[in-house]
Every structure is written in C-alpha cells, then in structure tokens.
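Good morning, and thank you for the time.

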Amino acid sequence: MCGSRFMGLVDFQGTSSSLCTIKSSASSYHRPCCHSFQRTQWRVTCMASTVQVKVTGDSFIRPHLLKLSPYQPILPFEVLSTHLGRKPEDIIKLDANENPYGPPPEVFEALGSMKFPFVYPDPESRRLRAALAQDSGLESEYILAGCGADELIDLIMRCVLDPDDKVVDCPPTFTMYEFDAAVNGALVVKVPRKSDFSLDVELIAEVVEQEKPKCIFLTSPNNPDGSIISDEALLKILDLPILVVLDEAYIEFSGIESRMQWVKKHENLIVLRTFSKRAGLAGLRIGYGAFPLSIIEYLWRAKQPYNVSVAAEVSACAALKNPAYLENVKVALVQERERLFKLLKEVPFLNPYPSRSNFILCEVTSGMDAKKLKEDLANMGVMIRHYNNKELKGYVRVSVGKPEHTDALMECLNCLC
Ligand SMILES: Cc1ncc(COP(=O)(O)O)c(C=O)c1O
C-alpha cells in the first residue's frame with residue numbers, strides 16, 4: 001500500500017466502525033493516495049503519516065459465503081398474524097408439518113416447575129439420552145441430542161466435510177441439506193428422484209464412483225412427497241463407500257420401524273430423528289441422532305457444549321413419559337391424512353400423492369397457478385406451502401392438521417372451484 005514497503009499499526013475505531021486507521025511507523029512523508037486491495041473492498045488513504053483504511057464488513061466474510069442464498073424459512077406466527085390481519089388462533093397453519101396437537105400435558109407441567117433454569121444444561125443430555133435408549137431400544141452411547149435435527153445436519157457436515165468435498169442430495173427433498181452444504185463450503189451433486197419420487201439407486205452408485213462424494217443425505221419418509229425408502233434400496237446405498245445420513249424426522253407416521261438400530265451394524269450410517277413432529281415440540285428445538293461409536297466420538301468433541309437447553313431436555317423427557325399420548329396423536333394424524341387424501345382427490349385442480357408422513361404433496365393441475373392458490377388460501381387464513389423450483393414446478397404441500405383444519409381447508413378450496 002502506497003508502495004509495498006509500508007509498515008504500520010492497525011487501529012480499529014469503535015467496534016462497529018467500518019473505518020480503520022493505519023499509523024505509519026515510517027517517518028517519511030506519504031503522498032495521499034487511494035489504493036484498493038482484497039477485491040476492492042478496502043480503500044486506503046495515506047495522509048502524512050496516517051493511512052485511513054475504509055473497510056466494509058463483508059470483507060471479513062469467508063468467500064464461499066458471499067454467494068450464499070439465504071434459507072427461506074416460513075414466517076413467524078406473530079408476523080404472519082399481522083400480515084394477514086388475523087389472530088394467530090384464527091390461522092390454520094398447514095405449511096410447516098408441525099404437530100397441531102402439541103405436546104402432552106406433562107411437558108407444560110415440567111416447564112412450569114423447572115428448578116434450575118439459571119444453571120447451564122447437561123452438555124451430555126444424560127437424562128434424555130437414557131429416556132431415548134428406553135424409547136428406541138438403542139443404548140444411549142450411540143445417541144446424541146441436538147437443537148433440532150437441523151443442528152445435527154450442520155454438525156455432521158462440520159465434522160465430515162472439508163471445503164470442496166462433495167455431498168449427494170436427492171431432490172426434491174428437504175432443502176436444509178443443500179443449504180448447510182453451501183454454508184460448509186461443500187459442493188452439492190444432485191441425483192434427482194425418479195418421477196414416482198423413489199431414489200435412483202443406480203445413478204447414485206455411478207455418481208459415488210465418479211465423483212467420490214463424502215456423504216449422502218436421504219430422507220424417509222421424504223419431505224415433500226412422503227415416500228419411504230425400502231430396505232433393499234438403503235442396503236444397496238450402504239454398500240457404497242459413502243457416509244449415509246438417513247433423516248427420519250417423520251418416521252412415526254410411516255408405519256415402518258426406525259433404522260436407528262442399524263448404526264450398530266453399519267459404520268457408514270447415521271440416523272436422525274426429532275421431537276418436532278412426533279411430540280409437537282418444534283418450538284422447543286430438540287432432535288437426536290443415532291451414530292456408530294467410531295463417529296459419535298468426534299461429534300461430542302465438536303458440538304457446542306450447551307446445544308440442548310434445559311427447557312428442551314426437560315420437555316423431551318416429559319413427552320417420553322406419556323407414550324400413550326404420543327401414540328394417540330400419531331394415530332389421529334395418520335387417520336386424518338387418509339381422510340384428507342380422499343378429499344383432496346376430489347378437488348378438480350389437485351392431484352395428491354399418497355403419503356407415509358404428516359403432509360400430502362399435490363400437483364396443481366387444470367391451469368390453476370400453484371403460487372396463486374397458496375396466496376388465495378392465505379388470504380382466507382389457511383397457510384400451505386407451494387413449490388416453484390426446478391424439481392417441483394406447480395406443486396403445493398399440505399400438512400395434516402386436526403379434522404376441523406381439514407374441513408376449513410376444504411371449504412376454502414371449494415370456494416376456488
Ligand atoms: C426432513 C426433515 N428433517 C429435519 C427437519 C427439522 O427437524 P427439527 O425441527 O428437529 O430441526 C425437518 C423439518 O421440517 C424435515 O422436514
């Protein structure tokens with residue numbers, strides 16, 4: 001700068017200032033000059049023995065994040081309420097696969113009688129992991145809890161991926177895998193699902209051989225279509241030299257067993273689960289995973305020590321104390337899913353796909369626009385999710401609610417016929 005032999009001290013003016021001053025240790029006069037370096041984000045002005053450097057905050061950001069598109073979350077309930085001019089309780093929220101029954105009463109009691117909210121939580125979530133061992137039949141040493149399954153997806157990537165490593169994603173699927181891969185500087189290799197949303201196992205095998213990706217994210221039941229992965233397909237993929245992360249966020253609604261136990265036999269398998277759907281605890285943020293012992297050790301080392309809050313652990317433990325409630329809610333949602341499917345099939349502009357989860361994907365047909373359908377329903381107080389990306393153009397996804405939610409949705413859909 002002002003000649004590459006410049007030496008000086010950097011003196012930041014205030015914590016949020018974008019201006020820093022470099023005081024010269026050289027006594028000679030520096031001609032005022034303007035100089036750009038680091039992709040033109042720094043401007044250096046040398047005046048007498050002082051050089052002023054104009055810094056923009058994004059010059060500190062890691063280069064791969066400068067191109068990152070933000071994750072598109074759904075609107076918070078209160079914001080939505082203001083937006084639509086309706087009270088939160090008057091909004092029928094079928095856009096995020098939440099469990100409308102909420103958690104069992106034990107959770108509210110436990111939250112109301114927390115003794116030590118001022119003490120940091122157990123970094124090993126011991127009580128919860130013991131309860132999960134009972135619940136799943138898998139010993140607690142294979143289990144690690146997180147701030148939602150979302151945190152575990154990111155934690156796995158942080159432990160496994162070097163920048164520019166490759167991750168296989170099978171769209172259409174949960175978009176968090178692609179998002180976290182981008183945050184972690186990894187490259188995403190897409191192997192799209194077939195037209196019936198089943199995995200293209202042959203193409204996955206080819207891609208693994210050619211591209212040498214580090215891991216693959218699989219979802220069963222898959223979000224957004226609700227299809228499940230067969231044992232046969234999963235075993236074929238587990239035979240490949242790749243780490244398989246199987247996301248079972250919706251497994252309770254599928255009628256098939258979780259594969260958590262499989263981590264004892266397969267060194268390249270991780271299984272993720274959550275309390276968000278099964279126990280109505282999406283707002284408390286609590287998920288868990290089953291890991292081979294040779295992998296879990298490193299997740300313990302890399303995770304934030306207090307990633308699971310006292311409230312989250314207390315809630316999850318309390319929810320597991322009432323398995324009858326969890327079972328009844330699951331049965332109610334599965335029954336309602338079947339009723340909703342039949343009703344959606346009768347809507348002339350919708351083509352619903354059979355689902356093994358708590359949501360139903362529908363193709364929007366007959367010239368109806370999926371985005372407009374979503375907007376029209378939102379204006380009537382019913383929220384659904386719509387898709388307009390490469391893999392899913394002109395589709396909507398409807399979460400399964402209580403019977404009265406289905407009735408309200410159908411009434412609104414009938415108005416649009
Ligand atoms: C497939 C899938 N995995 C994980 C999650 C997130 O789970 P959690 O709420 O535990 O972070 C979701 C949320 O919708 C999901 O659809």
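**Backbone geometry, ligand shell and a pocket**

Let me begin with P221, which is placed in the loop between β10 (215-219) and α8 (231-238). The peptide bond joining S220 to P221 is cis, with omega at about -5°. Please keep in mind throughout that what you see is a predicted model.

A cis peptide bond also joins P171 and P172, and there omega is about 0°. P172 belongs to the loop between β8 (166-169) and α6 (176-183).

One further backbone point concerns S125. This residue is not a glycine, yet it has a positive phi of about 40°. S125 sits in the loop between α3 (105-112) and α4.

I turn now to the ligand. Which residues come nearest to it? Of the 14 residues around the ligand, they are A149, D247, Y250, T274 and S276. As for secondary structure, α5 (148-160) and α9 (275-278) each contribute at least two residues to the shell, and α5 provides the largest share, with three residues.

In S276, a side-chain N or O atom is 2.6 Å from an oxygen atom of the ligand. In K277, a polar side-chain atom lies 3.0 Å from a ligand oxygen atom. For D150, by contrast, it is a backbone N or O atom that lies 3.0 Å from an oxygen atom of the ligand. The ligand has 390 Å² of accessible area on its own, and the protein covers 93% of that area.

Finally, I come to the second largest pocket, which holds about 490 Å³ of space. Its lining consists of 17 residues, and those nearest the centre of the pocket are D135, E252, E257, R273 and R278. Of the elements, α12 gives the most, namely four residues.

What is the class composition of this lining? Seven of its residues are charged, six are nonpolar and four are polar. With regard to domains, at least three lining residues come from domain 1 (73-103 + 323-416), and at least three come from domain 2 (105-321).

That concludes the presentation, and I welcome discussion.

Methods: Residues numbered from 1 in each chain as written. Predicted model: local features only at pLDDT ≥ 70, side-chain atom pairs only at ≥ 80, totals over all residues. Heavy atoms only, no water. 1 Å grid on protein atoms, 1.4 Å probe; cavity = no way out; pocket = protein on both sides within 12 Å on 5 of 7 lines; lining within 4 Å. Points joined across faces, edges and corners; volume = space filled by probe spheres on them. Nonpolar A, V, L, I, M, F, W, Y, C, P; charged D, E, K, R; others polar. Domains from an automatic or database assignment. Near = heavy atom within 4 Å. Polar contact = N/O pair within 3.5 Å; in protein donor to acceptor, adjacent residues only side chain to side chain. Areas by Shrake-Rupley, 256 points an atom, 1.4 Å probe, with all protein chains shown as cover.
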